[in-house]
Amino acid sequence: MKIFLAADHGGFELKEYLIEKLKKQKYQIEDYGAFKYNPRDDYPDIVKDAIIKVAKDKNARGILCCRSGIGVSIMANRHPKIRAAVAFNKKIAKETRQKNNINILCLGADYLSQKQALEIVKTFLSNKFLGGRHERRLDKINQYHSKNRGNIPKIKNSDLRLKAKRIILRPLKNSDAKDIYLNIQDKRISESTLKIPWPYKIEDAQIFIQKTKKSLQKKSEFVFGIELKNRKEVIGCIGLDKVNFEHKNAELGYWLGSKYWSQGIVTEAGKLILKFGFEKLKLHRIWCCIFSDNPASKKVVEKLGFKREGLHRETSWREGRWRDNVRYGILDREFERS
Ligand SMILES: CC(C)(COP(=O)(O)OP(=O)(O)OC[C@H]1O[C@@H](n2cnc3c(N)ncnc32)[C@H](O)[C@@H]1OP(=O)(O)O)[C@@H](O)C(=O)NCCC(=O)NCCS
C-alpha cells in the first residue's frame, strides 16, 4: 500500500517521526514535504500534492499533519475523491476508517504524543471499510455534491420494468452474465461501439453488470437488459448514460446479439427508453454518437425521430484507426408518443 505523507511546520516533527517508524514496516512511503522546518510555510501549499496523489489511486492512503489536524482536513476534503478525518484516538480512527472509508488521516501534533499518533496511524492502516449501508451514505454525499445533478426525479422500482410487444427492458441481474456473454460474441458489436472489449470474456459481463447496478443506484446511468418475452433471455442492452439532471440530457447507447438483427428489436426498445427518459427522468434532450460507418444504428435513431446534428471528425481511436462520429439528437417535444 502506498502512503503519502505531508505536513506544515506545525506537524513537521511528527511527520518525520512517523516516516521513520513506518519505513521499518512494509509500507511504500512517499514524503511530500515539508522537507525542512520553516515556521512561515502554509499548509495548503505543502499538502496539496499529497492530496492529489491519494485522489488518483484508490488503494493509496494519506497522512497529513498540522498543529490541530483541522486545517489540512478542510483542505483535503475539498477534493471530491477525498474523505479525510481528524482522529484523536484509536477508537475514532477505527470507526472513521470502517464507516467513512477515509483515505486521508489528519493528525494534530499539538494534541497527541508521537506514540499516540503512531498507534492512531496503525489503526487507520489496518482497518477496512465495512461497505453496506455506509457505502449508500457515501454515495449520497457524492450525489449531493457532484456537479450537474440538478433535481433528481424519484424513480420507483416498477418504473424500471418497461414492456413492449416482444420485449421487456429491465435492470441487469448477476444471472444475466451468461446470456450477455453468449449474445455479444460477434466482433462487429465491439467494432461498432466505444467500450465493448474484444475478445469478450464472461468476467467482462460480470464486471459490466456490477457497474450498471452501481450507476443505477447513483442514478448516473440507466442500463437495461433487452429480454425476449417468450424466451426470458437477455439478448442485448440499451441504456441512458452521462445522465445530466441539471441540463436534462443523456446519451443513448445499445447493442443487440447479431442473430436478432434487422427485426426491429432495438427500434422497439428505443421507443421504450425514450419514453422513460422524457417522462420518468424528465429529460429535455437525448443524444447519440454513432460511428459514421454504422448504417444500421443510424437507421435505428432516424426511425426513432432523432435528427442528425453533425459530424465529429476522428473523435475516437478504435480498431487501430480514427473513427468519425455522427451526432444525433432528439428533444422531448419531437418525440412521438404512441
Ligand atoms: C445497431 C443495432 C443495435 C441495430 O439493432 P436492430 O434491432 O437490428 O435494429 P432494427 O432492426 O430496429 O433497425 C435496423 C435497421 O437498419 C437496417 N440495416 C441493417 N443493416 C444495414 C446496413 N448494412 N445498411 C443499411 N441498413 C441496414 C435494417 O434493415 C433496419 O431497417 P428497416 O427497419 O428499415 O428494415 C445492431 O445492429 C447492433 O447491435 N449492432 C452492433 C452494436 C452497435 O452498432 N451499437 C450501436 C452503437 S451506436
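Colleague: Which domains does the domain assignment give the chain?
Modeller: There are two: domain 1 covers 2-145, and domain 2 covers 157-334. These bounds come from an automatic or database domain assignment. The model is predicted, and local features need pLDDT of at least 70, side-chain atom pairs count only at pLDDT 80 or more, and totals for chains, interfaces and linings use all residues. Residues are numbered from 1 along each chain as its sequence is written.

Colleague: What distance separates the centres of the two domains?
Modeller: The centres of domain 1 and domain 2, taken over C-alpha atoms, are separated by 41 Å.

Colleague: Turning to the ligand, which residues come nearest?
Modeller: Ser192, Val266, Thr267, Pro295 and Lys299 come nearest, out of 21 residues around the ligand (C-beta atom, placed from the backbone, within 6 Å of it).

Colleague: At what angle do helix 10 and helix 11 pack?
Modeller: The angle between helix 10 (residues 265-280) and helix 11 (residues 295-304) is about 50 degrees, and their axes are 10 Å apart. Axes are lines fitted to C-alpha atoms, for helices over the stretch in contact, and angles run from 0 to 180 degrees between N-to-C directions. Helix 10 and helix 11 are therefore oblique to each other. Angles under 35 degrees count as roughly parallel, over 145 as roughly antiparallel, 65 to 115 as roughly perpendicular and the rest as oblique.

Colleague: Which residues meet there?
Modeller: Val266, Thr267, Gly270, Lys271 and Leu274 of helix 10 meet Val300, Lys303 and Leu304 of helix 11, where contact is C-beta atoms, placed from the backbone, within 7 Å. By class, four are nonpolar, two polar and two charged.

Colleague: How do helix 2 and helix 3 pack?
Modeller: Helix 2 (residues 43-56) meets helix 3 (residues 70-77) at an angle of about 50 degrees, with axes 10 Å apart. Helix 2 is therefore oblique to helix 3. Tyr43, Pro44, Val47 and Ile51 of helix 2 make the contact with Gly71, Val72, Met75 and Ala76 of helix 3. Seven of these residues are nonpolar, one is polar and none is charged.

Colleague: What about helix 4 and helix 5?
Modeller: The axes of helix 4 (residues 90-100) and helix 5 (residues 114-126) come within 8 Å and cross at roughly 20 degrees. That makes helix 4 roughly parallel to helix 5. Lys90, Ala93, Lys94 and Arg97 of helix 4 meet Glu119, Ile120, Thr123 and Phe124 of helix 5. This contact has three nonpolar, one polar and four charged residues.

Note on methods. Helix = DSSP H or I, 4+ residues; strand = E, 2+ residues; numbered from the N terminus. Contact = placed C-beta atoms within 7 Å. Nonpolar A, V, L, I, M, F, W, Y, C, P; charged D, E, K, R; others polar.
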